[in-house]
Amino acid sequence: MLRSFNSIAFRQLRTRPLRSVLTAFGVMLGVGMVFGVLLLVGTIRATFDELIDSAWGKTDLIVIGQGSGTINEGTLDRIKQTKGVGEAAGMVGGMFTRLEPDGSPIDGNEGQMLIAGYETKGYQPYDFRLVKGERISAGTEIMVEQNWARDRGYDVGDRVRVAGPTGRTRLPIVGIFRLTSSLNAGGLGYAAMPLAAARRAFDQPKGWMQISIVAADRGDVPAVQRRVKHLVGSGAMVQTPGEFSEQVSEQLQGLNIVLYFFSGVALFVGGFLILNSFNMTVLQRMRELGMLRTLGATRGMATGSVIVEALVIGAVGTVLGLLLGLAMASGLISLMRGMDVPVGTLHVTTGSAVTAVLVGMVVTLLGAFWPAHRAGRTPPIRAVVGTAQVRRRPAKLRLVVAAALFLPGLWLGGSFWFGGSSETGGLAAMGGIVMTMAMFAGMAIAAPFVILPVIRWISVPIRHLLPTGGRLAADALLSNPLRTAATAVALTIGLSVVVVNSSMSASFVGTIEDQVDQAFARDFTVQAQGFTLEQGGGPGVPRSVQRKIEALPEAGTVAPVRAMPLELPGVKSGSNQGIAMGVDPVQQPKVDGTPFKDISQAEAYAGLARGGVLLGRSYASKAGLERGDTLDIVGPAGRQRAEVVGTIDAIGPMAGMEMRLSLATMNKVYGSYQPAELAVEARSAEQRPALESKMGALLDREYPNLEMQSAADAKNEVGDEINRTFNMFNAIVIIAIIVSLLGVINTLAMSVIERTREIGVLRALGASRWQVRSTMLDESLMITIAGSLVGLAAGTLIGYAWMRGVDEVMPGMTFHFPGPIGIAVAVAAVILGVIAAILPARRASRLKVIEALAYE
Amino acid sequence: MSAPAIETRDLHMIYGAGRTEVRALDGVDLTIDAGEMVAIMGPSGSGKSTLLHIVGALESPTSGTIAVAGVHYEGLDDKELTALRRDHIGFVFQFFNLLPSLTAEENVTLPAVIARRREPAIRERARELLERVRLSDRVDHLPAELSGGQQQRVSIARALLLSPELVLADEPTGNLDSRSSREVLDVLRELNREEGHTIVMVTHDAAAAATADRVIFLRDGKLAGEVEGGSPRRAAEYLASLQSEAEHEPVPG
Ligand SMILES: Nc1ncnc2c1ncn2[C@@H]1O[C@H](COP(=O)(O)OP(=O)(O)O)[C@@H](O)[C@H]1O
Ligand SMILES: [Mg+2]
């Protein structure tokens, strides 16, 4: 006996177990997607915050020199005497290369050690927590980071063989400290050494790389920050650890922004999957609701039963979804850590769980209301008899709405996500998420118009190859456009996210490689291991190296390049972080083919020799400077009124935030420092191998912390760097693809339920099991092919359009189609989609004819 | 003389076991000649649908033999039964069971699609049948755009597309008002006369039954007599007598 009206809802859940399970599965996928992505996003974010926090948890302010290690020795004492400063300590940094037992340097990040030298008595600049051995106190001894040491088998008492700025040595480990629970910096090792020994080992007798400050009164930090800023002038940046961490993530290619992007996509796809699961059974539900209405149930009662059912399904699906999200995120994170991607352990926040739960429950309720709403609008008896309209041709208005949602995101997304976005902060980020979600919603709404023609088109060969199954399948798909589109669109969206992501990385890599070919018209680059130009080249290349290479008979051109990160003068909007590059106007053109806008190379370098500057395109546009304008540059050593000679017609370092001047001008304004790199060209192509081996021998023997790169190495390094960044996002993309595929299975399975009676009719009319099964498989084949093709096309379109947006803020970027990846994923999706359809198809073909006919 | 259209011997159909055992058919011997139009009547639950399903090769009996046009079902596997359905039998259901997403004409041609027959004559045949069931002006309509009677006439046209020898209809007018019922029955009768299909129709409506040549009665899974067609009153009285004998049986269904 039924005890109450609402118990009908529970009865429904039980008598339609498969429908309940599949709907809950849809909710689970949606919630899992949202939660999994938010967890990954949170973890990536937390990794950086945690690193900053564990190094500077007690520190209120950090002073970092512009350029390389250039805070004056006396600045520390003056800071200590500044009002409001409690304590301050300075730090010097040195990069060392570990050596193999045979004395050869270990290549890449794996061989690098960053050693911080600081005073071991009193206040210390870092919060390193000792876990084993003892703290460094005096002499040449080091303390190393726990995870790094464990992975490389170092323990207290061991000696690490290294090469540094002053030659080779063995550094004894006296202690092991903990930095964060989890960080894996991709092989780079962190260590600390007492100040006096460090100054000797690093060859840095004077000056500081960083100064850490603790305010006397924590509430007083902003005031102290202002005073210290005033004190150090433009030669250094004064930041709180929080600001510093912001800046670090900004440098990681707008990390936050990209993570927001994925969160937005996850929210959309998750919600969409849930809605879809309900939409698939809308007819069946309408019939049930209509029946209740004919029996005299009020609209409210009918809705009530729907709510109860949705709450149960939503709750079960949400709980499972949280588990799924957790499993996906932790799996991917251990995968990423295994691949040396710098990411910490899984970081679970209540915020992400709450968001996922809200999405699950709210969308589930909405999804359940939809059939109730439609049933409410159709006369009950029509709902019961099932003659309510099914095959509505999608209305023209739909297309207009779709376009209105799709186009803004398509048009502005690029400049939003990759452009000046980092300056505009949280509100704009929200706007961007909304715009992107709207764009995908537009895609979903427009899907019937796009996917149906594609299906019609691919059904031609399929009808020929598979006369019966193919024809039945094509007819079934074409005759219910909305259902077909809804099934395919999950895959379309998933795939387009993949294509957008990989076309972005392909374009970055491709464009930069093209430009590296131009800019690196040289045979070799000599630089300090472990530092990039953007970091000013670290300790740089001693002048003696330049002299010794010039003395080699095979050497043709040796061009020194100085690099110095700084706040560029005259920037009117957005970040003014940039880099000054000092070059030799005579040698540089021989090793650097970078083109300039409107002027020849000869004119450009002649202008530099006269004391002028060449500007990167982003810098020129942000500062509103053109050829012929003048620019005042001011530095610790002097000032100069410089003529703008022209703009650089390539992206270059710091995404075009570059000011190029002659070495002479640079020394005059910013003081002299050794070059960040040497560009070396052999006298002739035949002499290149000889030059390479002689230079290699010279560096190995006398300068073990320097490395030599060929132009091809440089290209690879740039490519690797970009790919590493995008790989982090690919983990998120994998979630999108898995979830979309599961979504396709789910919608197919639900579509089998909805069509149980139709399948019974087919069987009664003499369709064999095999025909029914092949019909379902053909349907899936066509849906996944169409979904993939449209996804590839849409992703390419979005990638292309967004690239244009990037081009506005980061000139010179051109679109590169991610051929292999996109096509591989599409083919995999089709294959998996068909495999996925096997279960629903089996179920369809095994239905008992009589039962199927009696199915309501 | 050719074999009878349908011949069953000692047909039994038992659902469930033990306490819940139901003898839906309990020894049915039935012979129907080719070209006959026969109505089956009986109280609700008397086994009418079960009999039709077995004859239509949708279900296999627990025991007993059945032959349609001389072909015995015993020993045929699912594939062969499917082919038999496809090539020799047409179905008309109480709930029309048209595919909601196909137009009237598409629904009618569905059996040809299933049988992989694509000759142009099929389309002509479909048009012709739709004309016969008086729906030439509704060819491109979807089921949802048709009345119940019209939908049922589409399903009759569908059942007849490949000119099966046998047409089985389970309460074809059960969901229709009297005027629509009349139209559907007229169409069935006409087709039986003109094309010579054997038609077996389950109904609880005496007026409908009277259109048939013969009315067979079923009660508790057994044959319970028959009357000649033509007179609704005769059929109704016979049915009533059956029901008064078995007072435990509820309303006719
Ligand atoms: N699949 C089944 N399982 C169990 N009992 C069934 C099944 N199908 C029919 N029955 C029972 O068999 C008897 C005859 O059913 P049916 O042939 O549908 O009767 P009707 O004459 O009303 O069409 C009924 O008592 C019914 O409950
Ligand atoms: Mg019946």
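Select R134(B) and E190(B), whose side chains meet in a salt bridge at 3.9 Å, N to O; a salt bridge here is a side-chain nitrogen of Lys or Arg within 4 Å of a carboxyl oxygen of Asp or Glu. The pair links distant parts of the chain, with R134(B) in the loop between α4 and α5 of chain B and E190(B) in helix α6 of chain B, 56 residues apart. R134(B) is partly exposed, with a relative accessible area of 43%, and E190(B), at 29% relative accessibility, also counts as partly exposed; buried means under 20% relative accessible area, exposed over 50%, and partly exposed in between, with a 1.4 Å probe and protein chains only. Helices (H or I, at least four residues) and strands (E, at least two) are DSSP runs, numbered from the N terminus.

Before moving on, note that this is a predicted model, in which local features need pLDDT of at least 70 and side-chain atom pairs count only at pLDDT 80 or more, while totals for chains, interfaces and linings use all residues. Residues are numbered from 1 along each chain as its sequence is written, chains are lettered from A and ligands numbered from 1 in the order in which they are written, and side-chain values use heavy atoms, with hydrogens and water left out.

Next select D137(B) and R138(B), which form a salt bridge with the closest N and O atoms 3.1 Å apart. D137(B) is exposed, with a relative accessible area of 54%, whereas R138(B) counts as partly exposed at 25% relative accessibility.

Then show R125(B), E128(B), R132(B), E194(B) and E195(B), which are linked in a network of salt bridges.

For a buried pair, go to E36(B) and R214(B): both residues are buried, and the closest N and O atoms of their salt bridge are 2.6 Å apart. Because E36(B) lies in the loop between β2 (22-32) and β3 (37-41) of chain B and R214(B) in strand β9 (residues 214-219) of chain B, the pair ties together parts that are 178 residues apart in sequence. Over all chains, a search of the whole structure finds 34 salt bridges.

**Helix α5 of chain B**

Select residues 148-160 of chain B, helix α5, which has 13 residues and reaches 19 Å from its first C-alpha to its last, close to the 18 Å expected at 1.5 Å a residue; that expected span is 1.5 Å times one less than the number of residues. How many of the residues of α5(B) are buried? The count is 12 of the 13, so the helix is largely enclosed by the rest of the structure.

**Between the chains**

Now colour by chain and look at the contact, which takes 28 residues from chain A and 28 residues from chain B. The two chains bury about 2700 Å² between them, 61% of it on carbon and sulfur atoms; buried area is the accessible area (1.4 Å probe) that two parts lose on being put together, summed over both. The count of salt bridges between chain A and chain B is 0.

**The sheets of chain A**

In chain A, find the open sheet of 9 strands in the order β15-β16-β14-β17-β13-β12-β18-β11-β19, with mixed pairing; two strands pair if DSSP finds at least two bridges between them. Its edge strands, β15 (630-634) and β19 (706-710), each pair on one side only.

Within this sheet, β18(A) has 5 of its 6 residues buried. It runs antiparallel to β11(A), with 4 bridges, and antiparallel to β12(A), with 6 bridges. Centre on A679(A) in β18(A): T525(A) is its bridge partner, and A559(A) stands opposite it as well.

Finish at strand β9 of chain A, residues 210-215, where 6 of 6 residues are buried. Q210(A), S212(A) and V214(A) point one way, and I211(A), I213(A) and A215(A) the other way. Strand β1 (residues 61-65) of chain A pairs with β9(A) in the antiparallel sense over 4 bridges, while strand β2 (residues 85-98) of chain A is joined to β9(A), also antiparallel, by 6 bridges.

Definitions and conventions. Contact = heavy atoms within 4.5 Å.
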